[in-house]
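Visitor: Hi, could you walk me through this one? I'd like to ask things as we go.

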Amino acid sequence: MIPRFFRGGKNCRQIVANSKVDETGRRTRGRKSHVRAQDAGAGSADHARRASIAAALRRILPGEGVLDGDIALRPYESDGLTAYRQPPLLVVLPETTAEVAAILKYCHGEGIKVVPRGAGTSLSGGALPLADGVLMSMMKFNRILDVDFPNRCAVVQPGVTNLGITRAVEHAGFYYAPDPSSQIACSIGGNVAENSGGVHCLKYGLTTNNVLGLEMVLMTGEVIRLGGRHLDAEGYDLLGLVVGSEGLLGVVTEVTVRLLRSPETARALLVGFASSEEAGQTVADVVAAGIIPGGMEMMDRPAIAAAEDFVHVGYPRDAEALLIVELDGPPVEVDHLIGEVEAIALRNGATSLKISGSDAERMAFWAGRKAAFPAVGRISPDYYCMDGTIPRKALPQVLAGMRELSVKYGLSCANVFHAGDGNLHPLILYDANKPGELQAAEDFGSDILRLCVKVGGVLTGEHGVGVEKRDLMHEMFDDVDLAHQMRVKCAFDDGHLLNPGKVFPQLRRCAELGRMHIHRGNLPFPELPRF
Amino acid sequence: MTALRPTDEAGVLAAVADAVATGTSLEILGAGSKRGLGRPVAAGRTLDLTGLSGVTFYEPEELVIAVRPGTPLAEVGHLLASRGQALAFEPPDLGPLYGAPADVGTIGGMIAANLSGPRRIKAGAARDHMLGIRAVSGRGEIFKSGGRVVKNVTGYDMSKGLTGSFGTLAVFTELTLKVLPAPQTATTLMWTGLADDAAVAVLSRALGSPADVSGAAHLPASVAADFGFSGPATLLRLEGIAPSVADRAARLAALLADAGPAEAMGGEPGLDLWRAIRDVAPFAATPGTVVWKISVAPTAGPKVVARLPAALPSTAGSRHFYDWGGGLVWLALDPTSADDAGAAAIRAAIAAEGGGHATLVRAPAELRARIPVFEPQPGPLAALTARLRAQFDPLGILNPGRMVAKD
């Protein structure tokens, strides 16, 4: 959960531990206004109603479940995308599904916008509040309701942390597979909203592949259950639509996740190459050999140097590209596959190669990669983390393109890359104190994402669209594509009251969107042949 | 009835646009091999997609394939096998269950029904392997969603939303799927003589072990002969590289020694066995029975089955077997067992055992028109389903009635 816009140096740990930390005064230079044309206007009117709304909500949530003081609201003004800030109208902290339903029903009746929030670690502004909207924190939903080992699933409340699930089942040899780097803090409800990934996605899937069921509340206050402990949907795959919907379709109040048996062993290779092409070919050859590693990560020269300077674990400073390949499973299998991967790497001209002989050594291989973000934070006052996915074969082309962009914008860039699944995390180095650099970093980032789309990739692999990439959606989708996505939204929330302003570049009223221009005797598509 | 058979996306668009303009309903078909799955559709025209056939691109190193919906599934399977790859969810060939020849079904039909085989428990369902789609919605508009990479959270995952929608939201024109290396070897361990509940307990222990089981089925006595066994058989499949499979098989047999000695089976007999389980082969051979597909929590499978004799007027001639570690029950009933093909009894048993769903996979059209083929949904969920349908197909022209009556 490292903030995407990130101040480097000694403050890292504090920010990493808690994105709610109030950094007022340290960050005003990088601050951006979130208010958009479509959000403005209604603001003042709703503000005037704050007291009456708070009173109404307190009738639903007695006690301290409603926050409306300026100081109490401040911790909620931002999520992991800390360059964007906006205190909400007020905050509600429900504890039961019935409370969530009552709040949403009330807000629906009054036409009040609602922004759901988990741990607030989103890197794309998914939980950024609205000035005229209620922020619904789900962090009081923090209980593990049931662990069912015979059926290999757990039923948990959405505020339970990702790692908290694994902690609750690891004594029996099980774990929850998706492992976003924020897993110590991020909530499973947030993971559902964002379809979070991690370094093990290629082999074990994303959140969407590991969630069996949900209970959720629609904006109307209606409670629905999707899936359960069984497999596959009984009708449309609404579970598939809801996971990754960024809090726009409903508020999740219970999650049933799939548990997996923990791998018996894991070993890793640390391999240096003189070019990213050779490293990329190694990745392709590993896959072509029928091997799906548990994790396969790549770093470029600037990232290698930053990491090695920070953690001193023996990364090869002379390498242009570094691969970490981890194989997990039964010892017999891991030992066999380590040998195969080693042979493939050497065939592709590896300049250095180490194989972990112990778990401590394996963790040391990972230490630099896992510390890559703070390591980059040490060498630059600020950095901006991007999240495109590309077909693996396009890596050299994209890296070359990024080098050109780096020259164009006068900003450095370090790359860490989930090589197995093609998910790139370029880290753009900038200094928000220098006029214009934040804007340049953002423009550089947008150009990188355009490049990702151009080579057949996508805008976001795991961080979400949120407010950050909303205006880039047209790079991937045309108006008709986006209209069909919005039609999903209209089926769930036709008033656009739930988390509006995220994901879609333009809000259009559902009724307008729904109009089919058919008039008697006046066929649409007159150019098309008739039957 | 007019039959339309476009050969490209523009042709599909023209067909749907004309249907929109004239208010004519369409029955969307691939090869039609699974036409009996779902409620009967009464449509003005058929839209046959077998003319949209062929692979758009296949990049083995990128683990991705894009195909047109009318491509025969068998053709895709052969192409992938030539590069040592496969659709990991092990798609079944259900055509023969409906009296169609083997290997005629299309990939579009399989995705429209979200069909997955025994490896579902390890590799996920068909929907988990969908990366992107192009389609024509019931509004007569071409749209796309997703992409060609595994890790993608750009917008709603409509590739999943359309998988399993039985052609009631949109007509596919291109499907992009993730592919994976095919397992190099496989071994099946078999225990004999176990009762249903004991067998599923064995499957659960195995699935919770580090053995990385890729198939977990139990064949009770009533179907054993169809698979060539003399009595109940409990089966666990292990796949992967040879040294790993051998090692895991030895350790799994030791772990489950209290269930009796395990017999190992490999090679062609093993492949044939899992193919027969995948394709529900025993029930294809008895076309007179009605067939239910029941999905519940794995340990609930035998409990649901145990409730049926008391709840049904007659279970004479009923047969069942388990896949997915007990969570998938295939049940064949004599149509005279109950007036509603057993729907009420089966669905009540599922509800009493923690929930899940039952699909009337095969029955005469009269029954499928009268009884909910898919699990009926509670009010708010049914309303949401109807709203989603109306957003994508406001005139209700695509496969009307296929999933629910009056839509």
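Guide: Happy to. Helices (H or I, at least four residues) and strands (E, at least two) are DSSP runs, numbered from the N terminus. By that scheme, B:Leu238 lies in strand 13 (residues 233–240) of chain B. This is a predicted model, where local features need pLDDT of at least 70 and side-chain atom pairs count only at pLDDT 80 or more, while totals for chains, interfaces and linings use all residues. Residues are numbered from 1 along each chain as its sequence is written, chains are lettered from A and ligands numbered from 1 in the order in which they are written, and side-chain values use heavy atoms, leaving out hydrogens and water.

Visitor: Is B:Leu238 buried or exposed?

Guide: B:Leu238 counts as buried because its relative accessibility is 0%. Buried means under 20% relative accessible area, exposed over 50%, and partly exposed in between (1.4 Å probe, protein chains only).

Visitor: And what does B:Leu238 touch?

Guide: Contact means heavy atoms within 4.5 Å. Not counting residues up to four places away in sequence, B:Leu238 touches residues including B:Thr185, B:Ala211, B:Val245 and B:Arg248. B:Ala211 is 27 residues from B:Leu238 in sequence, with 7.4 Å between their C-alpha atoms.

Visitor: You mentioned B:Arg248. Which residue does B:Arg248 form a salt bridge with?

Guide: A:Glu333, with the closest N and O atoms 4.0 Å apart. A salt bridge here is a side-chain nitrogen of Lys or Arg within 4 Å of a carboxyl oxygen of Asp or Glu.

Visitor: How many salt bridges cross the interface of chain A and chain B?

Guide: The rule finds nine.

Visitor: Nice. How many residues does each chain put into the contact?

Guide: Chain A gives 97 residues and chain B gives 88. The area buried between them is about 7700 Å², with 61% from carbon and sulfur atoms. Buried area is the accessible area (1.4 Å probe) that two parts lose on being put together, summed over both.

Visitor: Switching topic: which residues touch the most other members of the largest nonpolar core?

Guide: A:Phe492, B:Ile107, B:Leu177, B:Phe229 and B:Trp292, out of 211 residues. Helix 16 (residues 437–454) of chain A supplies the largest share of this core, nine residues. A nonpolar core is a set of buried Ala, Val, Leu, Ile, Met, Phe, Trp, Tyr and Cys residues joined through side-chain atoms within 4.5 Å.

Visitor: What about a second core?

Guide: A separate one has 26 residues, among them A:Leu89 and A:Tyr106.
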